[in-house]
Each structure stands twice: as structure tokens, then as C-alpha cells.
Amino acid sequence: MTTPFDDDHLREECGIFGISRHADAARHVALGLHALQHRGQEAAGIVSFDGARFQAHRAMGHVAEAFESDKVMADLAGYAAIGHVRYATFGATVLRNVQPLFADLSFGGFAIAHNGNLTNAMALRRRLVKAGCIFQSTSDTEVILHLVATSTKNDVVDRLIDALKQIEGAYSLVALTDSMMMGMRDPLGVRPLVMGKLADDTIVFASETCALDINGAEFIRDVEPGEIVIVSDEGITSLKPFATPKPRFCIFEHIYFARPDSVVEGRSVYDVRKHIGAELARESGIEADVIIPVPDSGVPAAIGFAAEARIPFELGIIRNHYVGRTFIEPTQQIRNLGVKLKHNANRPQIEGKRVVLVDDSIVRGTTSLKIVQMVRDAGAREVHMRIASPPTTHSCFYGVDTPERSQLLAATHDIEGMRRFIQADSLAFISMDGLYRAMGEAGRNAAQPQFCDACFTGDYPISLTDHWGGDEDQSRPHRVKAAG
């Protein structure tokens with residue numbers, strides 16, 4: 001559920017949550033999805049199992065809207081459930097694409113929820129269609145479902161492994177059958193997945209630790225790259241069926257996607273963002289009177305910047321958190337006012353001052369231009385922009401919605417050209433090594449990078465079969481709709 005005024009930002013991917021062996025499984029999943037709402041606002045779904053039947057409810061909109069009805073929750077009775085919040089990274093959102101997906105297979109019911117994007121989904125889909133598979137959605141997650149269904153392996157775990165060995169891309173998955181729940185990550189661990197437990201030793205999977213916190217669950221550990229964790233009556237089993245090269249976790253999770261109160265891959269997201277701000281101040285400090293974040297994502301970095309620069313931090317821009325579907329028909333004139341529906345200048349903190357604005361990234365640059373102008377209109381003497389990430393020069397194909405490369409400002413302009421475009425007095429980005437230092441590394445290892453940073457470097461760690469045209473009918477789109 002995005003607004004017509006919010007199209008100049010990288011979109012969160014999706015969020016997944018699963019719980020097994022609990023009487024109120026679906027209610028815990030709904031709570032977990034509520035905590036993960038920042039990862040997808042277009043649709044939500046839950047599939048539960050009560051020992052005899054699978055039940056599902058999927059709806060467009062926010063979690064609170066989808067699961068506010070007592071009847072809906074009563075119909076999701078069961079001791080195991082998985083859920084999903086969705087932001088489509090390609091194409092229109094329709095109900096048939098809302099996850100978790102479910103099918104009755106030869107071994108019984110199978111439900112799956114996916115965070116990420118498969119980069120060979122189109123090639124696999126064509127092969128499966130030729131073999132007689134009938135697709136009900138345009139989601140790449142359904143490719144996994146069909147691969148499991150058509151596998152010649154004997155049991156469900158072997159079928160799933162067989163399916164995963166055929167796919168390329170970034171994924172975290174939770175799956176549910178009538179006998180087990182599973183959580184798994186791709187071999188490079190690009191997308192996050194954590195495991196926790198409730199006081200009664202009920203096991204929980206979630207995209208982020210903030211979803212454990214809302215349920216009162218204790219964090220156990222991250223699911224490891226390339227690992228499949230199985231929860232069943234026999235207990236917890238860990239399988240590692242893949243060769244596991246050095247992990248390449250998505251560095252943008254730390255910059256923007258994850259909630260600041262989450263702990264991701266052993267690092268406090270809030271602390272990392274403050275460290276990024278401090279590095280940014282050391283690299284590109286400037287004489288100024290006030291440091292102002294572009295809310296909300298720029299706040300922790302701006303705090304770190306202000307502390308390092310010893311310049312006062314102020315909330316000079318106030319965000320309206322209640323901008324949803326606009327109550328005004330979004331004509332072009334209203335679209336031009338869009339930034340003021342979401343942000344408003346706090347004039348007393350700005351007027352007559354040299355302002356440093358701190359934001360997490362610049363994508364198309366259109367919002368940055370409007371923010372800079374808004375701050376100038378509020379009386380700022382100077383407006384300097386500092387960005388808590390390197391320039392975004394490449395599109396993401398691993399489950400993050402980014403514009404085509406030609407629409408990325410940093411792909412078509414140098415830093416000075418970008419500065420002129422957004423009409424700031426100065427513009428600077430954190431360096432790649434500075435970003436890695438903020439992550440606790442000595443710098444970026446160019447021969448073997450510690451993270452996936454393809455959006456900044458173009459160094460894609462996983463093959464882009466569909467995008468590059470491998471085994472692909474060029475008359476078709478490059479990608480099926482990403483699951484998120």
C-alpha cells in the first residue's frame with residue numbers, strides 16, 4: 001500500500017514469520033507480521049495447520065486490516081502457522097500472488113513463504129510449463145512449489161533440497177507441512193532469517209529479531225547461510241546440503257531495510273547506523289550550525305554524525321506517519337505537493353542556519369530535491385546533503401525493488417552533477433571502505449567482499465540468468481513477479 005508520493009526510495013523486500021507447536025500459532029504470527037510491517041505494506045497472509053486441515057487467509061493491505069476480525073483468527077486455528085508481508089518487487093500486486101502459497105501435493109499439504117528473488121525463475125518456469133505444470137500466480141515462489149511437486153525424491157525434505165539446488169537467487173524461506181516446519185536461507189545468506197523460542201520451547205522463525213521481541217520470544221541464533229532447520233516431533237534438525245562459500249549478506253539491511261531495534265547478523269542495526277554517521281562525518285564534515293535527519297531512516301546516522309562533528313542535532317523535519325492512501329485524487333499538481341504530505345520543515349530549527357541534512361540514500365533524486373527546497377524555503381542559509389551509503393549505481397535483482405539503472409541518479413550523474421540536480425550547496429556520500437569500517441571491518445575486500453553490495457558496485461554475487469538472457473525467450477519479460 002504505497003502512496004503516489006513515495007516512489008523515490010528503495011522498497012523493503014518482504015517479511016516472513018513461522019511458529020510451530022503452539023496453541024495460538026496464528027495469533028503469534030499476526031503479531032510477528034505486525035512487527036515486520038516495514039518490510040512490506042501491500043498484502044499479508046497466514047497459513048495454519050490444526051493437525052487435520054490447513055487454513056489460509058490472505059488480504060491486500062496492512063496486517064491490522066487483514067487480521068483484525070475475530071472470525072478470521074478463529075478460522076486460522078491450529079498449532080503451527082507461517083505468515084508473510086509483501087511488497088512486490090516487480091509488476092502489479094494481486095491477491096493470487098499474496099503469500100504464503102499452499103498446495104496439496106502427493107505427500108500432503110505444503111505451504112511456503114519467501115523473502116527474496118529468484119534470478120532464474122523465468123527459465124525454470126518455462127521448463128515447468130513445458131512439462132505440464134499449471135501456474136496460478138506470477139510469483140517466483142510458485143516455481144519452488146512446482147519444483148517440490150515434480151521432484152522424484154521420496155520425502156518432503158529431499159524434495160525441497162532437490163528444488164533448492166535448481167534455483168538461483170536470494171531467499172529466506174519458511175515452509176509448513178503436516179509434520180514439520182522448516183526455515184532456510186540461500187547459500188550466500190543474502191536475505192535474513194533468525195530463530196527464537198518462547199518460554200515453552202516453542203520454535204519461531206522470523207525475518208528480524210524485532211518480530212521475536214513483540215512475541216516475547218528469546219533469540220537463539222541466525223539461521224546460517226545454506227542451512228535448513230527442521231522443527232518436528234523429533235525435535236530440531238539442521239541440514240547443510242549446499243557448498244557454502246563466504247557469505248554475502250545484504251549490506252542495505254543495515255543501512256535502511258531492517259528496523260533499527262533489530263539485531264542483524266550479530267550487529268545492532270541502530271548502532272551500525274550511528275557508526276555509519278560518524279564515519280560520514282569524519283570523511284565529509286563541514287562547518288554547520290545544525291545536523292538534521294531526513295526522517296525516519298536518516299535519524300540514527302544523523303545522531304552519529306552530529307556526535308562526531310560536535311554539531312547540535314535537531315529534528316528540523318517532522319514526518320507525518322499517517323500518510324496512507326491519499327484522500328485527494330493524485331493529480332500532478334497534488335503529486336507536486338506530496339513531499340509536504342509526508343514531511344514538513346520545523347522552521348524554528350532551520351531559519352538562518354547552515355544545515356546538514358543526513359539521509360540513508362539517493363535513488364532517483366526527486367525527493368532529495370524537494371527536501372532541499374523545503375529546507376531552503378524554511379529559511380536555511382546553506383543546505384548540505386550527506387548520504388549514509390555510497391552512490392546507488394546499480395539495480396538489485398535479489399528481492400529489493402529498485403528502478404531500472406537508467407533511472408538511478410548516481411548511474412547517470414557524477415557527484416557534482418547529483419549536487420546540481422538536488423540543488424544542495426554540497427553533497428557527499430560515505431565511501432565504500434568507510435561503510436565497511438562502520439560495519440566493523442578494516443575495509444572492503446575487493447577479492448572476496450564481505451557483503452552483497454551490488455547496488456553500489458555492480459558486483460553481483462549470484463548469477464542473473466533471466467536478466468542476462470540465459471536460456472530465455474527474448475520476447476518475454478526478464479523476470480516474473482518477485483515474491484518479495
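Visitor: Is Leu-31 buried, partly exposed or exposed?
Guide: In this predicted model, Leu-31 lies in helix α1, which spans residues 25-35. The class "partly exposed" covers relative accessible areas between the 20% limit for buried and the 50% limit for exposed. Leu-31 has a relative accessible area of 38%, and is therefore partly exposed.

Visitor: With which residues is Leu-31 in contact, leaving aside its neighbours within four places in sequence?
Guide: Phe-17 is 14 residues from Leu-31 along the chain, and the C-alpha atoms of the two are separated by 9.5 Å. Once neighbours within four places in sequence are left aside, the contacts of Leu-31 are with Ile-214 and Asn-215.

Visitor: What is the mean pLDDT of the protein?
Guide: A pLDDT of 70 or more is reached by 89% of the residues. Over residues 1-6, however, pLDDT stays under 50, and the model has 21 contacts beyond four places in sequence for them. Where pLDDT is low, the predicted coordinates should not be read in detail. For the protein, the mean pLDDT is 90.

Visitor: How many contacts beyond four places in sequence does the model have for residues 325-329?
Guide: Residues 325-329 form a stretch over which pLDDT stays under 50. For residues 325-329, the number of contacts beyond four places in sequence is 6.

Visitor: What is the volume of the largest cavity?
Guide: Rolling a probe the size of a water molecule over the atoms shows where empty space is left. A search of the whole structure finds 3 cavities of 30 Å³ or more. The largest cavity has a volume of about 110 Å³.

Visitor: Which residues lie nearest the centre of the largest cavity?
Guide: The lining of the largest cavity divides into 12 nonpolar, 1 polar and 2 charged residues. Helices α8 (252-257) and α17 (454-457) each supply at least two residues of this lining. Of the 15 lining residues, those nearest the centre are Cys-250, Cys-396, Val-400, Cys-452 and Cys-455.

Visitor: Which strands each supply at least two residues of the lining of the second largest cavity?
Guide: The second largest cavity has a volume of about 50 Å³. Its lining includes Leu-176, Thr-177, Met-180 and Met-181. By class, this lining has 7 nonpolar, 3 polar and 2 charged residues. The strands that each supply at least two lining residues are β7 (169-177) and β8 (180-185).

Visitor: Which elements are included in what covers the buried residues of α5?
Guide: Helix α5 (residues 141-150) is mostly covered, with 8 of its 10 residues buried. The buried residues are Thr-141, Glu-142, Val-143, Ile-144, Leu-145, His-146, Leu-147 and Val-148. What covers them includes β5 (101-105), β6 (108-118), α4 (121-130), α6 (156-164) and β7.

Visitor: How far apart are the closest N and O atoms of Asp-75 and Lys-71?
Guide: Asp-75 and Lys-71 are 4 residues apart in helix α3 (residues 70-75), and so are separated by about one helical turn. Asp-75 is partly exposed, at a relative accessible area of 42%, whereas Lys-71 is exposed, at 58%. The two form a salt bridge in which the closest N and O atoms are 2.8 Å apart.

Visitor: Which residues are linked with Arg-437 in a network of salt bridges?
Guide: The side chains of Arg-437 and Glu-283 meet in a salt bridge, at 3.0 Å from N to O. Because Arg-437 lies in helix α16 (residues 432-438) and Glu-283 in helix α9 (residues 269-284), the pair ties together parts that are 154 residues apart in sequence. Arg-437 is partly exposed at 37% relative accessibility, and Glu-283 is partly exposed at 33%. The residues linked with Arg-437 in the network are Glu-279, Arg-282, Glu-283 and Glu-308.

Visitor: How many residues apart in sequence are the parts that Arg-319 and Asp-296 tie together?
Guide: Arg-319 forms a salt bridge with Asp-296, with the closest N and O atoms 3.0 Å apart. Arg-319 lies in strand β18 (residues 317-319) and Asp-296 in the loop between β17 (290-293) and α10 (299-309), so the parts tied together are separated in sequence by 23 residues.

Conventions. Residues numbered from 1 in each chain as written. Predicted model: local features only at pLDDT ≥ 70, side-chain atom pairs only at ≥ 80, totals over all residues. Heavy atoms only, no water. pLDDT = per-residue confidence, 0-100. Contact = heavy atoms within 4.5 Å. 1 Å grid on protein atoms, 1.4 Å probe; cavity = no way out; pocket = protein on both sides within 12 Å on 5 of 7 lines; lining within 4 Å. Points joined across faces, edges and corners; volume = space filled by probe spheres on them. Nonpolar A, V, L, I, M, F, W, Y, C, P; charged D, E, K, R; others polar. Buried < 20%, exposed > 50% of the residue type's maximum accessible area, 1.4 Å probe, protein only. Salt bridge = Lys/Arg side-chain N within 4 Å of Asp/Glu carboxyl O.
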